[in-house]
Amino acid sequence: MKFIDEALITVRSGNGGPGCLSFRRERFIERGGPDGGNGGNGGSIIITAHQGKRSLFDLYRTKLVKAGNGMPGQGKRKNGRNGTDTIIEVPPGTLITHAETDERLKDLTRPGDTFVAAEGGIGGKGNKHFATSTHRTPRFAQPGMPGTEVQLKFELKLLADIGLVGLPNAGKSALISRISSARPKIADYPFTTLTPSLGMVMPKNSDPFAVADIPGIIKDAHKGTGLGIQFLKHIERTGFLIHLIDAFQIDPLAPLEAFHLINQELTLHSKTLADKPQVIVLNKMDLTGADEKAELFKKACGQKDIFTVSAATGTGTQDLVNFLNEKIHKNRNNE
């Protein structure tokens, strides 16, 4: 299924049914009085977060979603049937905003979260409702209230504990496939990752946690160059980031160049992302010469938690998982 993380649709709730203007007419019963029933309420548009949904693909080509209209009231005090509600299922992590005003309406972060996007119109009252001791023969009934129409913007932001960032071909797909259940495409050329992927890491004797991988970020990504910048929203909810660097490609004369490039693009895109804690991971340590370049990087960086791994062979990945697991549980306990 194609990965779609944005959709723009118009939703329209149902109209309320009109009330009935009717009088009782039966043999041998004179002046039976008003007996017009009420109209049914219009159906509502309800949006719910469903665990089985992974993208907004179902809504991408949808222009209009409607709910059922309420039925008119009838004589003999019969009320009209309510209109049918329309339920729209979206993935957890979907943010709903008003398309015209950009007002934030609802953030469906957990499975089962619901939002009534458009209330159905109220059904009109039949003339029986207006009968009183002083006004016994009302000759009027209410029309039903119209439904509501609104244009909504849906934006999916993946729910993950950790975000994975780095240059193209740094080995992000290989790493996430090594430590989690995700199976993205892996190849020896850049931009093998074209859409975000979410992998569940299953530590021994501990709760699982999720890692989100996005396409590689390149220079001037904040201006629209490359693919990664349009998917950065998928790691905005994460607690911290894994900054993955290809150790083999480190320039001995400027060992922090790739590191600073990614951080600059994060800063230019969003201060929220730039301020997130990072765990630096040097990958491809199985390649000849990577050890010496990794040491140059460590000396220039001066940060404590720098992990060296080989996603291809698995070397160092278990220590990384243990550290991430411990860090995540500390964050959860502090929330």
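Keep in mind that the model is predicted.

Ser44 sits in the loop that links β1 (6-12) to β2 (45-49). Now show Gly120. The Ser44 side chain reaches the backbone nitrogen of Gly120 at 3.0 Å. Next, display the surroundings. Beyond neighbours within four places in sequence, Ser44 contacts Ser13, Ala67, Asp85, Thr86, Val116, Ala118, Glu119 and Gly120.

Move on to the rings. How many aromatic pairs does the structure hold? There are three. Select Phe130 and Phe140. Their ring centres are 5.0 Å apart and their planes meet at 45°, so this pair is tilted. Both Phe130 and Phe140 lie in the loop between β7 (114-118) and β8 (149-156), so the pair ties together parts that are ten residues apart in sequence. Check Phe140 against the solvent: its relative accessibility is 40%, so Phe140 counts as partly exposed.

Now select Phe259 and Phe297. Here the ring centres lie 5.9 Å apart with planes at 90°, so the pair is edge-to-face. Phe259 belongs to helix α3 (residues 257-269) and Phe297 to helix α5 (residues 290-301), so the pair ties together parts that are 38 residues apart in sequence. Are these residues buried or exposed? Phe259 and Phe297 are both buried.

Finish with two lysines over rings. Select Lys293 and Phe248. The charged end of Lys293 sits over the Phe248 ring, 4.8 Å from its centre. Then select Lys327 and Phe240. Lys327 lies over the face of Phe240, 5.2 Å from the ring centre.

Note on methods: Residues are numbered from 1 along each chain as its sequence is written. This is a predicted model: local features need pLDDT of at least 70, side-chain atom pairs count only at pLDDT 80 or more; totals for chains, interfaces and linings use all residues. Side-chain values use heavy atoms; hydrogens and water are left out. Rings of Phe, Tyr and Trp (its six-membered ring) pair if their centres lie within 6.5 Å; planes under 30 degrees apart count as stacked, over 60 as edge-to-face and the rest as tilted. Helices (H or I, at least four residues) and strands (E, at least two) are DSSP runs, numbered from the N terminus. Buried means under 20% relative accessible area, exposed over 50%, partly exposed in between (1.4 Å probe, protein chains only). A charge sits over a ring if NZ of Lys or CZ of Arg is within 6 Å of the ring centre and within 35 degrees of the ring normal. A polar contact is a pair of N or O atoms within 3.5 Å; within protein, one must be able to donate a hydrogen and the other to accept it, and residues adjacent in sequence count only if both atoms are side-chain atoms. Contact means heavy atoms within 4.5 Å.
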